[in-house]
Amino acid sequence: MTRIIQSISVRDIRFPTSLEKDGSDATNLAPDYSCAYVSMTTKDGLKGYGITFTLGRGNNIVCEGIKLLTELVVGKDLDEIFGNFAQFWWDLTNAQQIRWLGPDKGVMHMAVAGICNAIWDLWARIEGKPLWKLLVDMSPEQLVSTIDFTYLEDALTKDEAIDILVKMKEGKEEREKEMKANGFPAYITSCGWLGYSEEKITRLLMETQEKGFTRFKAKVGADIEDDKRRLKVFREKLMPGNLLMVDANQKWEIQEAIDWMKQLAEYGITWIEEPTSPDDVLGHLEISKALASHGIGVATGEQCQNKVMFKQFLKSGAMQFCQIDSCRLGGVSENLAVILMAKKYGVPVCPHAGGVGLCEYVQHLSIFDYISVAGSLDKRMCEFADHLHEHFYEPARVKNGCYVAPEKPGYSIEMYPESLDKYEWPAGGEWQRLSTANLIQL
């Protein structure tokens with residue numbers, strides 16, 4: 001059956017999370033979790049949905065980027081895309097003149113993610129499978145055919161990628177059953193936003209541990225004494241053996257990061273996340289070496305711009321935990337490339353999530369990674385933040401501190417129409433209400 005993409009629309013959706021300091025950290029003091037929301041329709045009436053994530057201001061620019069790319073997608077045959085997804089991805093990211101706005105980075109790459117994620121959602125819906133299951137059921141050759149290996153051959157070849165997937169066929173059925181029964185381990189960030197009071201942190205730690213969470217992350221980097229005070233609260237309230245990670249959100253210089261983290265080492269830190277510029281591979285490597293004797297690894301990737309940057313981090317040993325992001329990279333295919341590279345270099349993939357829709361997305365990637373690529377849960381976990389899930393038809397669910405494997409076909413990102421209408425910027429009902437109440441300025 002011929003399935004032609006007939007139309008693509010995009011809406012600027014923003015949530016006023018800054019009012020409660022949800023998402024606050026040392027760099028982003030008052031984010032409004034937002035997304036460019038893509039709706040894709042075929043001529044025979046099929047629909048797919050995709051997002052890319054931002055922190056509010058500038059979300060409209062990403063929407064414009066998506067609109068610019070639609071002329072390269074509308075009229076395309078889905079079956080032809082599925083048959084050579086790597087070529088489609090290359091054509092989208094290397095369009096003449098538009099390529100100058102990247103390449104493979106920034107607003108335009110996030111726009112690529114919004115469109116490609118919608119196409120993957122359509123693919124999974126057509127096959128009647130959740131995205132993770134679609135990936136797991138692909139042959140190694142088919143899955144690898146969706147990945148563009150340009151600039152990666154020195155780190156991972158197509159043959160090596162296929163070989164990884166072939167070798168990991170053993171035990172796949174058992175690992176899939178395990179995911180369906182127990183889910184994928186999550187670590188939670190919702191207790192540790194920088195703007196939260198000590199009382200709120202304490203209450204949230206108690207509540208989340210009662211729900212089965214054993215892995216926690218706190219924001220750091222604004223003030224060393226305040227960090228010590230807050231981490232002391234964490235360690236006093238966490239059960240023995242529970243993991244604690246910290247995240248500086250790119251706040252420090254290299255030596256500053258090393259000195260700061262040595263002072264926090266007594267709190268039993270598993271990793272320091274984004275200690276410095278997300279583009280500074282050598283800086284992350286220096287920090288990694290300096291903190292290794294303290295048992296602290298370096299995690300980064302949520303603002304790593306593309307697969308080539310990840311290649312450098314992985315080959316150099318500059319990251320000990322690989323944090324892919326479902327919307328910073330150019331959709332599912334590019335994330336698959338990074339997952340396979342991480343396997344080759346022995347680095348556990350621990351995706352970045354939170355925001356709006358990111359938890360719904362990355363759970364699929366983590367479950368696929370475990371079943372088809374990693375084969376082990378050692379040091380693997382996927383971020384969870386308990387915000388905004390109520391706006392999705394199939395919200396991310398966590399039970400006993402683990403993501404519950406999605407069951408419905410698709411990529412879990414379709415939002416309720418009433419949520420879209422209420423939070424569309426700037427005319428949505430909630431933004432108009434806040435403006436009338438003088439709580440925000442449109």
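## Pairing of strand 4

Strand 4 (residues 184–188) and strand 12 (residues 402–403) pair in the antiparallel sense over two bridges; pairing requires at least two DSSP bridges between two strands. Here P185 has C402 of strand 12 as its bridge partner. Strand 4 also runs parallel to strand 10 (residues 382–384), joined by three bridges, and I188 stands opposite F384 of strand 10. Strands (E, at least two residues) and helices (H or I, at least four) are DSSP runs numbered from the N terminus.

Five of the five residues of strand 4 are buried. Buried means under 20% relative accessible area, exposed over 50%, and partly exposed in between, with a 1.4 Å probe and protein chains only.

## Basis of the model

This is a predicted model, in which local features need pLDDT of at least 70 and side-chain atom pairs pLDDT 80 or more, while totals for chains, interfaces and linings use all residues. Residues are numbered from 1 along each chain as its sequence is written, and side-chain values use heavy atoms, without hydrogens and water.

## N335 in helix 14

N335 lies in helix 14 (residues 332–344) and is buried, at a relative accessible area of 0%. Its side chain reaches the backbone oxygen of G331 at 3.2 Å. Leaving aside neighbours within four places in sequence, N335 contacts (heavy atoms within 4.5 Å) I324, D325, S326, L329 and L365.

## Cysteines

The whole structure has zero disulfides, defined as pairs of cysteine sulfur atoms within 2.5 Å. For C35, the nearest cysteine sulfur is that of C63, 8.3 Å away; C35 is buried, with a relative accessible area of 0%. For C191, the nearest is that of C359, 13 Å away, and C191 is buried at 1% relative accessibility.

Terms used
A polar contact is a pair of N or O atoms within 3.5 Å; within protein, one must be able to donate a hydrogen and the other to accept it, and residues adjacent in sequence count only if both atoms are side-chain atoms.
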